[in-house]
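The sequence and the structure come first.

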Amino acid sequence: MGQFISKPDGLAPGGLPRVRFSTGEEGPPRYSPHHFDASSRQQVVSDVESSESERQGSKAELRRSSIYSTLDMVPQLEHYARTLPREQSRNRPSLEALRKAFDVSQRQQEVEAGKEVENTTTDSGVSSQPAADGENEESKTQGPEEKPPVRFGWVIGVMMRCMLNIWGVILFLRLSWITSQAGIVLTWVIIMMSVSVTTATALSISAISTNGRVISGGTYFMISRSLGPEIGGPIGLVFSFANALACALNTVGFAEVVRDLLKEFDSVIVDAVNDVRIVGVVTVTILLFITLGGMEWESKTQILFFVVLMVSFANYIVGTFLPPTIEKEAVGFFGYRSDIFVENLKPDWRGPQGNFFQMFAIFFPAATGILSGVNICGDLKDPATAIPKGTLLAIFWTTFSYLAISITVGGCVIRDASGNMSDILTGNTTDGCLGLGCNLGWNFTKCIQSQSCEYGLANSSKVLGQVSGYYFLITAGVFAASLSSALGFLVSAPKIFQCLCRDNIYPYIGFFAKGYGKNDEPLRAYVLCYVISVAFILIAELNTIAALISNFFLCSYCLINVSCFHASITNSPGWRPEFHYYSKWTALFGSVVSLLLMFLLTWWAALITVSIIIFLFVYVNYNKPKVNWGSSVQASTYNMALSYSVSLTGVEDHVKNFRPQCLVLTGPPNQRPALVDFVASFTKHISLMICGDIIMEQDDQTQPQDATEWLVKWMNKRKVRSFYTPFSADSLRAGAGHLLQASGLGKLKPNTLVLGFKTNWRESFPESIEDYINTIYDTFDSNYCLCILRMMDGLDISEQTEFEVNQGFEPDESVENEDQQSPERESADDISENGDSNQIKTVFQNSQGKKTIDVYWISDDGGLTLLVPYLLTRRKRWHRCKVRVFVVGDEQNLEEGRNKMIALLKRFRLDFNDVIVMTDSEKRPHAKNLSRFVDSVAPFRLYDEQQEGVSVQELRQSAPWKISDKEFEAFKLKSERKVRLNEIIRRNSQHAALVLVSLPVPQSDCPSALYMAWLDTLTCGLHCPAVLIRGNQQNVLTFYCQ
């Protein structure tokens, strides 16, 4: 049934095979996975063979073509198995390959015609025949089969481990005492309150563990992949240490029980303290050898402990139904009686710990331990199924056992008993008898009055053993509970620590990341955990450490719930847990209660825990590890950015909130670091900065695919807060125009264009100058602000770093080298090598000391010319610089003009007090400087008046960019003013750190070459950076409050 036969000669014209399906009577045709091999004459695939290939995971059989194309693959699991950043799927063809699918069809037709084809691989590098994969699979199966690693199901791997970890010495030694103090009713309340916290955490664990594949690392893995390395790293380190301490704590608990047992038999090794140390070290050493034997031996040991605990529980339950002997009655056990049950329903607070909250604090650690299954998630067959089912069932059964023991022990044991068999009442008289024992034939009045009773619920911690059928089986249960917990912690801590080490969040711990064997056992981490445990066992006094351990676990519970809650409220499409029985509100409840319990149980331990987490958080956040786990923090950041961006669209712009949001035409940012650093100096943490890279057509084909990624890394390493936007265009003008219109989002869009000065304009093509000047004209026409930065040595550093230059920027091709072809742009490897490791330092990264920032406020542009230097002086490198403002005036009204400007600056609150009035700006410039200007413009003039018989129109046709004599004369006065202003700037600002000059706005009939000469003249001859700046004639400064 479902068998089909495909032959090579049955290929359709498009290259797809004609497939004949045969069906049985049972139902519709069944489609089997298949692939095509040009070398085979016939291929037969049956349902049985197909299922076998699926079970073996054969990649060759899974490569089935889509009906759209022979190269296009149908959806397959293996395409999604690895989706880490920068890791391409293994077999899915790229879009480029699909676009070139005609090559595949052509080659298949050649094969069909019987031609010899040496290579059946497409130009894109994707093979059209997947036979190689099949051969690899066959070669793999021919080798000797290795025994697969041990994997556990939900019963042994999760439920049993959690139950063993939850059950501890509190169950056997403290639950009966808590029942005596709080009564049965309040004891149930305490149990249910504790379980509500762990259940909320378990629901969060279930949701996180089913939202994608969970590998080893347990709690650390969940928190770090949800909240990021900043939170996950600290909790991973703290939680690993807490598990190691918990191993020591449980081992010491076992050793103390052994010591007390030895005392009953009058047997002492050395003394009380050293006996605990000796027994503890020997015990943890034995547990270490069990873990070194592998998870298989460890699981068998845990099964043995579980069986012992079950026998111990059965022994207790059976004992409650057995008729009490006189010896048992003397210690307070009388079997199930209603009067005992009613008496024990109510609380009877005694001693300094006699209150509800103290009882809750004592019991709560008995409800923890739900993370044992999660911590070995790498050793589970199916963590997504095992963790929710096993954890929740473990909580259910352990809660049931706590409730059952509290109600049974409260129904058959009185609170006070002497243990003295002579206290039995011989007659019917009960005069002067106190306590419930009087109604049961016992007179415990003497010990009650003297408060010297040693037995009963309120006095003895061994009630469960006294009630049980056989006392030492309860002791065996105490042993099993403490040793199983110690063994579980000894396994959990190294596995969590191994995952932490592999993430390289902290230095010097990578040594412990190595795994051994088929189960990837962290043997080195096992030894480290053993050393820590032994060190704290030798202290032999862990009461203080126990409080810290409880807080560490509560902190983990809190962050797990925060992870679930945070992932839920971010509405990330990636948050799709298979476990649906959770709520973000239960997660929030669990996190808040866990945090409150940390401080209510032991406030000083909570402070220590929080301090440690904050210290480690600051360390990780400072180092910024290079990991990307798709955390919910990223999703939350996106949500907030989107929400705030949308909310800004409904807010009208106000002059008080004006920020220079800059589109910087840097080309590749690492080629013009000075331009990047200049804009970053006044936009970082203040406003928007976008580095625009206009890629010309000749460079578009050679642009590496990952160049954007490397350039962003370069900016991040330089600590520049900027976006990078590459754009393909025919010219600088077209690209800048598109970027000005399309860049940004809502109100977060540029209002200022920043350019580098075209220093090689004299040697450039006329079209290049036109393109550059028209970009400036378009900026003004679009009502944008404009800044042009000129450096003494130019902006471009491509010659220093062997970069290739984007031809939309300087340096340009010279007229003499017109036929020279542009080499290719640098590869991504070059960008990473030169840009990431060789960060060239610019003047804007140096401290400027007490130099001056000279502002030549020639034209009132709305205040941008003053705002930019003010923002610069707020930076540490520039804050000591003095700002001098130069304005145009006349000698007659010099003081008046100066005072008016100082008053205006004070009202702007800019703290610029040094104002200089230029009274000689209208004087004629020196002949030498004017001659230099005329010479610089000479190559771009028509000299039409000197050529008789030729009209201006005819000359314009051959050189439309040149300046006619009439135009040159019309703008002669303006040209002289520019030359004169340059003389004043050079005279006053030779030692300035930065010079800002108001940029002249050209008239529409101003020739491009002449305007370019003006810009050159204004800023030439300076030994510091010069900025030509112009606002859009709208106020960016105000002295009003509204």
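Is Glu-709 buried, partly exposed or exposed? Glu-709 has a relative accessible area of 30% and is therefore partly exposed. This value, like those below, is computed from a predicted model.

Glu-709 is paired with Lys-713 in a salt bridge, with an N to O distance of 3.8 Å. Helix H28, residues 707-717, holds both Lys-713 and Glu-709, which are 4 residues apart, or about one turn of the helix. Lys-713 is also partly exposed, because its relative accessibility is 32%.

## Other salt bridges

The structure has 26 salt bridges in total. One of them joins Arg-762 to Asp-1016, whose closest N and O atoms are 2.5 Å apart. This pair links distant parts of the chain, 254 residues apart: Arg-762 sits in the loop between strand S7 (752-756) and helix H30 (766-781), and Asp-1016 in helix H39 (residues 1008-1019). The two partners fall into separate accessibility classes: Arg-762 is partly exposed at 41%, whereas Asp-1016 is buried at 5%.

Arg-337 is partly exposed, with 36% relative accessibility. Asp-339 is partly exposed as well, at 24%; the value lies above the limit for burial, which is under 20%.

## Cysteines

How many disulfides does a search of the whole structure find? The search gives 1 disulfide. It is formed by Cys-447 and Cys-453, with 1.9 Å between their sulfur atoms. The torsion about the S-S bond of Cys-447 and Cys-453 is about 80°, so the disulfide is right-handed. Both ends are buried: Cys-447 has a relative accessible area of 7%, and Cys-453 has a relative accessibility of 9%.

Cys-785, by contrast, takes part in no disulfide; the nearest cysteine sulfur belongs to Cys-787 and is 7.7 Å away. Cys-785 is buried, at 0% relative accessibility. Cys-564 is likewise buried, with a relative accessible area of 0%.

## Nonpolar cores

The largest nonpolar core contains 136 residues, and Phe-172 and Tyr-402 have the most contacts inside it. Helix H20, residues 471-502, is the main contributor to this core, giving 16 residues. Apart from neighbours within four places in sequence, Phe-172 contacts a set of residues that includes Leu-309, Phe-313, Leu-464, Ile-474, Val-478 and Ala-481. Ser-312, Ser-461 and Gly-477 are also among the contacts of Phe-172.

## A nonpolar surface patch

Leu-595, Phe-599, Trp-603, Trp-604, Leu-607, Ile-608 and Ile-612 make a nonpolar surface patch of about 620 Å². Helix H23 (584-601) and helix H24 (603-623) are the elements that give two or more residues to the patch. H24 gives the most, with 5 residues.

Ile-612 is one of the patch residues and is found in helix H24. Its relative accessibility is 32%, so Ile-612 counts as partly exposed.

Note on methods. Residues are numbered from 1 along each chain as its sequence is written. This is a predicted model: local features need pLDDT of at least 70, side-chain atom pairs count only at pLDDT 80 or more; totals for chains, interfaces and linings use all residues. Side-chain values use heavy atoms; hydrogens and water are left out. A disulfide is a pair of cysteine sulfur atoms within 2.5 Å. Buried means under 20% relative accessible area, exposed over 50%, partly exposed in between (1.4 Å probe, protein chains only). Patches are made of residues with over 30% relative accessible area and no salt bridge: like charges are joined within 9 Å, nonpolar side chains (Val, Leu, Ile, Met, Phe, Trp, Tyr) within 5 Å. Accessible areas come from the Shrake-Rupley method with a 1.4 Å probe; for residues, only the protein chains shown count as cover. A salt bridge is a side-chain nitrogen of Lys or Arg within 4 Å of a carboxyl oxygen of Asp or Glu. A nonpolar core is a set of buried Ala, Val, Leu, Ile, Met, Phe, Trp, Tyr and Cys residues joined through side-chain atoms within 4.5 Å. Contact means heavy atoms within 4.5 Å.
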